[in-house]
2 protein chains.
Amino acid sequence: MTHIGPGRPRLEPRRRQGQTPRAEILDAAAELFTTKGYGSTSTRGIADAVGIRQASLYHHFAAKDDILDALLAETITAALELAERLTGSPEPAPVRLYALAWFDVRQLCTARWNLGALYLVPELRSERFADFRQRRDDLRRHYEALAAAVVAEAGGVAVGSELLPFRLVESVINIRSDEGASPGYAQRVIPGAVLRLLGWRGDAEQVRKAAIRLVEGIDQSDREND
Amino acid sequence: MTHIGPGRPRLEPRRRQGQTPRAEILDAAAELFTTKGYGSTSTRGIADAVGIRQASLYHHFAAKDDILDALLAETITAALELAERLTGSPEPAPVRLYALAWFDVRQLCTARWNLGALYLVPELRSERFADFRQRRDDLRRHYEALAAAVVAEAGGVAVGSELLPFRLVESVINIRSDEGASPGYAQRVIPGAVLRLLGWRGDAEQVRKAAIRLVEGIDQSDREND
């Protein structure tokens with residue numbers, strides 16, 4: 001078999017989303033994992049879907065696990081980064097929690113493939129994915145800390161409910177899977193519901209505006225620093 | 001190969017949960033589907049786990065699909081039955097919704113295997129599972145109708161949030177999967193959070209007591225009719 005490495009002619013023209021062979025492999029794998037299942041997808045199948053040889057795929061990823069790990073990282077990296085930035089923000093806890101939920105719901109809804117559907121595959125419990133699980137736990141703990149601050153501010157009536165905002169946000173994954181499309185209402189409805197379930201009863205419209213300004217301000221300062 | 005049918009001696013002594021061969025097959029399949037994955041489990045593997053021959057398994061289930069279908073039914077049948085009974089109940093909507101959420105969280109937490117983790121497997125989108133999807137949609141619509149009644153009663157501030165109680169209840173599946181055990185706090189925390197996210201601000205303790213009485217009253221009348 002001829003080895004077709006980077007820069008060599010391909011078996012067929014590019015037809016995947018992505019600017020680089022690596023991005024095309026990730027896109028094809030994401031489609032196969034979410035539509036056929038992780039266990040039922042082979043690296044051979046992924047290479048075929050990209051239109052490259054399996055040997056070329058191995059140039060970018062040593063194993064199927066590594067592809068899954070890279071895809072899973074995409075589902076939490078931006079939200080975790082925002083959560084870390086919000087920790088140092090002087091805004092009130094309800095604004096920061098609304099901002100995190102609003103941003104996270106948006107990215108879970110707009111990602112091209114519903115990769116969160118893979119959170120429940122048994123393979124994720126293996127040592128190989130311990131780092132990913134740790135990072136997702138870090139994100140969960142950011143939600144819980146912000147939610148605990150909101151509960152305390154709201155009068156502490158809702159002990160235990162600080163564990164739920166992270167879960168309600170991730171439920172967009174299930175909605176996407178059931179409805180076969182991203183739920184348009186999720187970004188409008190979920191962040192406010194997150195605050196109410198914590199017993200918070202403030203002015204939702206005011207918090208919403210402040211939260212969106214906060215996220216857009218962070219986006220803006222990132223662009224200026226690029 | 002000798003066919004070992006019902007009533008014939010087994011290859012090894014019974015070691016699965018279940019009073020009947022059918023129940024043992026379901027238990028073994030549930031364990032394999034949730035720990036190894038649906039796609040990675042064969043009927044041969046299930047038969048081996050039960051300690052019967054594959055031919056004996058086919059006496060009870062014609063295909064792996066049929067085993068999954070029977071297992072999925074267990075995750076919604078009781079909740080759907082309760083939801084239908086609650087439709088005709090004279091109790092206020094918050095009590096009925098609390099009752100449904102409380103009962104459903106309990107059964108999702110106490111089921112021996114976390115079968116809801118299979119809701120996201122790609123195979124469920126096939127025609128074979130259209131009936132199951134329909135029944136789960138029926139359950140979802142019961143939640144949405146009760147939640148809409150609660151929103152209306154609470155002043156209608158939370159349009160769209162009636163879609164979320166079903167999702168928050170099903171999030172116990174994700175919590176079980178992440179924590180490796182059933183969350184003890186879920187049954188205490190989730191039903192009240194469901195009402196609060198709808199904008200409801202009544203007396204939670206009173207609703208909780210009325211809801212539990214309602215579920216236990218229905219259980220009691222079922223036992224008397226047996």
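1. Chain-chain contact. In this predicted model, the contact draws 37 residues from chain A and 37 residues from chain B. About 3,100 Å² is buried between chain B and chain A, and 57% of that area lies on carbon and sulfur atoms. On the chain B side, Leu120(B), Arg167(B) and Arg196(B) supply 22% of the area buried against chain A, more than any other three residues.

2. Salt bridges across the contact. Four salt bridges are counted between chain B and chain A. Arg167(B) pairs with Asp178(A) in a salt bridge, with 2.7 Å between the closest N and O atoms. Arg167(B) is also one of the three residues named above for buried area.

3. Ser171(B). This residue sits in helix H7 of chain B, which covers residues 165–179. Is Ser171(B) buried or exposed? Its relative accessibility is 4%, so Ser171(B) counts as buried, the cut-off for buried being under 20%. Leaving aside residues up to four places away in sequence, Ser171(B) touches Ile190(B) and, from the other chain, Arg167(A).

4. Nonpolar core. The largest nonpolar core contains 157 residues. Ile67(A) and Ile67(B) have the most contacts inside this core. With residues up to four places away in sequence not counted, Ile67(B) touches Ile25(B), Leu26(B), Ala29(B), Phe33(B), Ile46(B), Leu57(B) and Phe61(B). As background, nonpolar side chains tend to be buried together in soluble globular proteins.

5. Helix H1 of chain A, length. H1(A) runs over residues 21–35, which is 15 residues. After H1(A) comes Gly37(A), which has a positive phi near 105°.

6. Helix H1 of chain A, burial. Which residues of H1(A) are buried? They are Glu24(A), Ile25(A), Leu26(A), Asp27(A), Ala28(A), Ala29(A), Ala30(A), Leu32(A), Phe33(A) and Thr34(A). The list includes the acidic residues Glu24(A) and Asp27(A). What covers these buried residues includes three helices of chain A: H2 (43–50), H3 (54–60) and H4 (64–87).

7. Annotated segment. The UniProt record, an unreviewed entry, lists residues 42–61 of chain A as "DNA-binding region". The annotation may be inferred rather than shown by experiment. In the model, residues 42–61 of chain A are 75% helix and 0% strand. The end C-alpha atoms of this segment are 13 Å apart.

Definitions and conventions: Residues are numbered from 1 along each chain as its sequence is written. Chains are lettered from A and ligands numbered from 1 in the order in which they are written. This is a predicted model: local features need pLDDT of at least 70, side-chain atom pairs count only at pLDDT 80 or more; totals for chains, interfaces and linings use all residues. Side-chain values use heavy atoms; hydrogens and water are left out. A nonpolar core is a set of buried Ala, Val, Leu, Ile, Met, Phe, Trp, Tyr and Cys residues joined through side-chain atoms within 4.5 Å. Buried means under 20% relative accessible area, exposed over 50%, partly exposed in between (1.4 Å probe, protein chains only). Contact means heavy atoms within 4.5 Å. Helices (H or I, at least four residues) and strands (E, at least two) are DSSP runs, numbered from the N terminus. The expected span of a helix is 1.5 Å times one less than its number of residues. Buried area is the accessible area (1.4 Å probe) that two parts lose on being put together, summed over both. A salt bridge is a side-chain nitrogen of Lys or Arg within 4 Å of a carboxyl oxygen of Asp or Glu.
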